[in-house]
Amino acid sequence: MYNKLADCHIHTEFSWDAKHPVEEMLLSGIDKGLGYMCFTDHKDLDPNFEGTSYYDDSAYTDSVNAVQKKYSDKIEVFKGIELDCQIELMKDARDFLDTYSFDYVLASVHVVRHEFTDAELFYKYPPELIYREYLDEVLALSQTEFFDILGHADYVKRFGDSFLKFDPQAYGEMYEKILKNIIAGGKGIELNCSGWRHDPEECYPSEFILTMYKKLGGELITLGSDAHNPHVVAYSFERGAELLRKVGFDGVYYFRERKPVKIKFER
Ligand SMILES: [Zn+2]
Ligand SMILES: [Zn+2]
């Protein structure tokens, strides 16, 4: 077992697609031996989505503050956000972040052509087209300054893989540009373990991309379960930490008031 790790990707009832209270998720994290938890409820920006108006910052902040106080002797808790990013909504992302404050900003691409990158989208368009447009979105995001960590950098494979296996090597040049931007901007990526319980049965991003990030000089990395229910908080963290060590990382980070703090791996 590793020392107290940080789960930096967790959803609660304040996300449109989750329903468990902050405290329930937190108790699971304490149970699993985490030292730190950062909640990252969704904020969608696309006016065409139902979920866009769902986010309630004051209720979310109150809940996180309450558990922070109540369990301060057991775990450290942080308030983050998972911001859904699209090229044409970058100004909205900045406006949102100017309005509310967070310890941690996780920026993710879930949408291409104003639709979630789920199976339906792959029935409509060729997978190569979706993959390319997804990576255009990620590249544009990597050129911005407003976030801390890029979320699940090859999430498009979650539903795409059953249509055409997403081969990161085929997009190696694109990933090199993206990762260089991330590093030059003082930002990082996450190892999102949820892919191991999704259809690709492979973490986000794949080992190929993690290795490239490390070789290019990447250092900032977080671990996230992307839990939407308490059972999967800290899901596969041992496996994730092992993979990161294999690739050459000696620890992971969490964020306090937008500043990275390192946790060195120790047994
Ligand atoms: Zn996400
Ligand atoms: Zn998420």
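This note walks through the fold of one predicted protein model, point by point.

1. **Ground rules.** The model is predicted: local features need pLDDT of at least 70, side-chain atom pairs count only at pLDDT 80 or more, and totals for chains, interfaces and linings use all residues. Residues are numbered from 1 along each chain as its sequence is written, while chains are lettered from A and ligands numbered from 1 in the order in which they are written.

2. **Overall make-up.** The protein chain has nine helices and 11 strands. Both are DSSP runs, numbered from the N terminus: helices are H or I with at least four residues, strands are E with at least two. Along the principal axes, the C-alpha atoms fill a box of roughly 50 × 40 × 35 Å.

3. Of the 267 residues, 45% are buried. Buried is defined as 20 or more other C-beta atoms within 10 Å of the residue's own; exposed is 12 or fewer, and partly exposed is in between, with C-beta atoms placed from the backbone.

4. **Contacts along the chain.** Take the contacts with a separation of 6 or more: residues 24 or more positions apart account for 77% of them. A contact here is two residues whose C-beta atoms, placed from the backbone, lie within 7 Å.

5. Seven strands form an open sheet, with parallel pairing, in the order β1-β2-β3-β4-β7-β8-β9. Its edge strands are β1 (6–10) and β9, each pairing on one side only. Two strands pair if DSSP finds at least two bridges between them.

6. **Inside that sheet.** β1 and β2 pair in the parallel sense over three bridges. Ile-10 has Phe-39 in β2 as its bridge partner. Is β1 enclosed or open? Five of its five residues are buried, so β1 is largely enclosed by the rest of the structure. Next, eight bridges join β2 (residues 36–43) to β3 (residues 76–84), again in parallel. Thr-40 is bridged to Gly-80 in β3.

7. **Helix α1.** Helix α1 (residues 22–31) lies across β1, β2 and β3 and runs at about 145° to β2. Axes are lines fitted to C-alpha atoms, for helices over the stretch in contact, and angles run from 0 to 180 degrees between N-to-C directions. α1 also packs on helix α2 (residues 57–70) at an angle of about 40°, with the axes 10 Å apart. Val-22, Glu-23 and Leu-26 of α1 make the contact with Ser-63, Val-64 and Val-67 of α2.

8. **Helices α5 and α7.** The axes of α5 (residues 127–142) and α7 (residues 172–184) come within 8 Å and cross at roughly 20°. That makes α5 roughly parallel to α7. The cut-offs: under 35 degrees is roughly parallel, over 145 roughly antiparallel, 65 to 115 roughly perpendicular, and the rest oblique. The α5 side of the contact is Leu-135, Val-138, Leu-139 and Ser-142; the α7 side is Met-174, Lys-177, Ile-178, Asn-181 and Ile-182.

9. **The hairpin.** Six bridges join β10 (residues 251–256) to β11 (residues 259–264), which run antiparallel. Arg-256 stands opposite Lys-259 in β11. The two strands form a hairpin with two residues between them, and Glu-257 in the turn has a positive phi of about 50°.

10. Most residues other than glycine have a negative phi, and most peptide bonds are trans. Where is a cis bond found here? A cis peptide bond joins Tyr-204 and Pro-205, with omega about -10°. Pro-205 sits in the loop between β8 (188–192) and α8 (207–215). His-114 has a positive phi, near 60°. His-114 is in the loop between β5 (111–112) and β6 (115–116), and is exposed, with 12 other C-beta atoms within 10 Å. Ser-236 also has a positive phi, near 55°. Its loop lies between β9 (221–224) and α9 (237–247). With 19 C-beta neighbours inside 10 Å, Ser-236 counts as partly exposed.
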